[in-house]
Amino acid sequence: MPNRLLCALPVVLLACAQDEPAPATSGPQDVITEVTTSSTTTPSTTTSTTTTTPTGGTTTSFAIGPNDAIAQAGCDLFLGNPTNLVAVDNQGDAGQVVIQPSAAESWMVALPQTEQGYFTLEIGEWDTTQAFFAYADNSYGVWVADGDIQYERFLNGACPNEGITDQRMFFDHWTPATIRFEVNGPRDAWFAVVKES
Amino acid sequence: MRGLALALLCACGPTSAPGTAASDFDWGLPDGVDPPPVPADNPMSVEKVALGRALFYDFRLSLDEARSCGLCHEQAKGFTDGFPRAVGALGDLHHHNAQPIVNVGYRQALTWNNPDLRTLEEQVLLPLFGDEPVEMGRTADELEALLVDDPALNAGFEQAFPDDPEPWTVPNLARALAAFERTLISVDSPWDRWLRGEGSLSASELRGLDLFESDRLGCTACHSGLDLADPPDGSEPVYANLGLYDLDGQGSYPEGGEGLLRTTGDPADMGRFRTPTLRNLAWTAPYFHDGTGATLEDVVDVLAAGGRVTGSGPNIGDGRANPHKDPRITGFALSPEERSDLVAFLLTLSDPGFVEDPRFADPVADDR
């Protein structure tokens with residue numbers, strides 16, 4: 001089982017992320033690419049680092065992720081035309097904006113003029129790994145009933161120069177998930193979710 | 001207080017409707033609770049309920065053979081799915097929240113927005129064969145082939161319909177599913193036990209009950225009867241616009257979720273949905289017709305405010321001002337303590353035994 005599948009809970013993640021070696025065939029490569037963001041918030045990964053820049057922003061570094069068909073699907077979606085989506089500004093209303101994983105559709109999420117934007121992702125299958133793609137400049141979280149899900153986030157290995165990340169998450173049960181974007185990057189946040197398996 | 005609650009419960013309790021079949025079927029109900037009416041052409045039997053239960057959990061009933069009735073109506077979730085909006089076998093995102101299958105045999109009308117669907121035998125055909133949206137995605141021919149070809153199902157139909165020389169038909173499949181669903185009766189919540197004098201409620205829960213029954217809140221106008229989903233006089237169920245949306249100042253609801261309007265075509269029916277049961281709320285979140293009420297507290301707050309104001313996202317608008325809003329949704333003042341008490345009472349309507357009752361569970365789950 002890939003190490004990313006083991007880290008279902010934040011507490012577990014810390015242990016897994018530090019102890020599990022990267023998969024030999026599909027894990028991160030040893031190239032570090034830096035992207036600049038405007039916030040101090042970073043994803044909880046062991047392969048990204050954050051430093052403060054002279055201008056007050058931060059620099060987040062992601063390792064480059066796998067270059068596989070799913071990563072390529074993320075790149076293809078990035079080059080296509082996203083569907084507009086308007087996020088709400090509170091978790092309680094997240095159920096008003098519902099999307100599903102799709103290999104054919106990505107979204108340009110208009111974030112509210114507040115600190116966070118929310119919407120709901122409905123994962124309608126069991127035992128699936130979903131690949132989340134987003135601007136590296138945007139921080140986001142995925143919340144299910146048990147709490148936040150955290151897995152390593154990589155720069156998309158199929159198109160590492162596009163500035164989009166690739167984060168694979170395993171869901172053992174079908175579930176709604178609340179997607180929470182921090183408003184620390186572009187107000188229009190590109191986003192896609194593709195089922196890996 | 002108990003007397004009033006009991007009166008509200010019994011006022012529209014089950015009666016023997018004309019044309020229903022008497023039966024010696026053992027419903028296993030507490031004293032004082034009558035079984036639901038049963039159609040004359042679909043009498044209850046142990047064999048038929050067993051067949052219906054097996055079919056309810058049979059994945060082959062869906063196009064992708066990955067979805068059963070019991071998947072989207074999961075017992076542990078009070079026979080709902082936990083999603084804001086249901087997802088079909090082809091991945092279709094529905095416009096409505098999956099309704100809990102509980103006490104449905106007592107219902108006068110089924111589904112969120114179609115008052116013409118009056119029997120379970122009719123209703124079960126909707127998820128099986130409906131295409132707007134696709135739920136199970138099967139055709140009648142496909143299902144009949146399955147029923148004929150599978151020896152176990154074949155035998156089950158012969159036992160359930162012994163007088164029918166060729167029982168493996170879709171109408172009989174619907175009868176069996178309906179018979180099983182009629183047995184999904186939840187009448188053993190702490191509130192039920194308190195009504196029967198068998199248990200107690202806390203001081204907070206009793207204060208919440210007082211509020212629930214009060215004229216100030218007016219909950220019982222729509223939430224009475226055994227299923228807490230009908231008017232107290234047992235008349236036709238209420239289809240109410242709660243003022244959840246007003247997208248355009250003229251009362252519009254989001255596309256696809258326009259409620260009774262989609263059935264009747266009457267603009268005045270915009271946003272009107274059937275009053276849902278209040279049974280088993282502990283397990284049936286999220287709430288409202290489209291699952292946009294994340295918590296019970298959220299729901300109480302919306303009703304206390306006389307509707308919902310949405311300040312961000314695609315549905316910005318003041319639902320309180322919806323011109324089609326039900327006149328009973330006027331709002332009410334509620335202190336934080338009262339809000340807590342009301343929610344505490346609402347949770348007493350949840351029946352732990354129901355969501356764990358092995359009679360309602362997947363009969364072959366242990367074999368998978």
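This is a predicted model: local features need pLDDT of at least 70, side-chain atom pairs count only at pLDDT 80 or more; totals for chains, interfaces and linings use all residues.
I started with strand β8 (residues 128–135) of chain A, which pairs with strand β12 (residues 164–171) of chain A in the antiparallel sense over eight bridges.

I then listed the strands in order and got β4-β6-β14-β8-β12-β11 (chain A), an open sheet with mixed pairing. Its edge strands are β4 and β11 (153–155) of chain A, and each of them pairs on one side only.

What does "mixed" look like here? I followed β6(A) to find out. On one side, strand β4 (residues 83–86) and strand β6 (residues 107–110) of chain A pair in the parallel sense, over four bridges. With strand β14 (residues 188–195) of chain A, β6(A) has four bridges as well, but that pair runs antiparallel. A:Ala110 shows up in both pairings: it is the bridge partner of A:Val86, and its own bridge partner in β14(A) is A:Asp188. A reminder to myself: strands of a sheet pair through backbone hydrogen bonds, either parallel or antiparallel.

**Entry: the five-stranded sheet**

Chain A has another open sheet, with five strands in the order β5-β7-β13-β9-β10 and mixed pairing. Here β5 (98–99) and β10 (147–149) stand at the edges with a single partner strand each, so one side of each has no neighbour in the sheet. I zoomed in on the β10(A) end. Strand β9 (residues 140–144) of chain A pairs with β10(A) in the antiparallel sense, over three bridges, and A:Trp143 stands opposite A:Asp148 of β10(A).

**Entry: α2 and α8 of chain B**

Over to chain B. I compared helix α2 (residues 46–56) with helix α8 (residues 170–182): their axes come within 7 Å and cross at roughly 95°. α2(B) and α8(B) therefore count as roughly perpendicular to each other. Who meets whom? From α2(B), the residues include B:Val49, B:Leu55 and B:Phe56, and from α8(B) they include B:Leu173, B:Leu177 and B:Phe180. By type, the residues of this contact divide into nine nonpolar, one polar and four charged.

**Entry: α12 and α13 of chain B**

I looked up the buried residues of helix α12 (residues 296–304) of chain B and got B:Leu296, B:Val299, B:Val300, B:Val302 and B:Ala304. They pack against α13 (336–347) of chain B. The axes of α12(B) and α13(B) come within 10 Å and cross at roughly 120°. That makes α12(B) oblique to α13(B). The crossing is right-handed. The contact is made by B:Leu296, B:Glu297, B:Val300 and B:Asp301 of α12(B), with B:Arg339, B:Leu342, B:Val343, B:Leu346 and B:Leu347 on the α13(B) side. That contact splits into six nonpolar residues, no polar ones and three charged. After α12(B) comes B:Gly306, with a positive phi near 75°.

First, the background: most residues other than glycine have a negative phi, and most peptide bonds are trans. So I went looking for exceptions.

- B:Glu132 and B:Pro133 are joined by a cis peptide bond, with omega about 0°. B:Pro133 sits in the loop between α5 (125–129) and α6 (140–149) of chain B.
- The bond from B:Ala285 to B:Pro286 is cis too, with omega near -5°. I found B:Pro286 in the loop between β2 (273–274) and α12 of chain B.
- B:Asn103 is not a glycine, yet its phi is positive, about 55°. Its loop runs between α3 (69–72) and α4 (120–123) of chain B.
- B:Thr111 is not a glycine either and has a positive phi of about 70°. This residue lies in the loop between α3 and α4 of chain B.

Are those last two residues buried or exposed? B:Asn103 has 1% relative accessibility, so it counts as buried. B:Thr111 is at 16% and counts as buried as well.

Methods
Residues are numbered from 1 along each chain as its sequence is written. Chains are lettered from A and ligands numbered from 1 in the order in which they are written. Side-chain values use heavy atoms; hydrogens and water are left out. Buried means under 20% relative accessible area, exposed over 50%, partly exposed in between (1.4 Å probe, protein chains only). Helices (H or I, at least four residues) and strands (E, at least two) are DSSP runs, numbered from the N terminus. Contact means heavy atoms within 4.5 Å. Two strands pair if DSSP finds at least two bridges between them. Axes are lines fitted to C-alpha atoms, for helices over the stretch in contact, and angles run from 0 to 180 degrees between N-to-C directions. Angles under 35 degrees count as roughly parallel, over 145 as roughly antiparallel, 65 to 115 as roughly perpendicular and the rest as oblique. A crossing is left-handed if the near helix is turned anticlockwise from the far one by less than a right angle, and right-handed if clockwise. Ala, Val, Leu, Ile, Met, Phe, Trp, Tyr, Cys and Pro count as nonpolar, Asp, Glu, Lys and Arg as charged, and the others, Gly among them, as polar.
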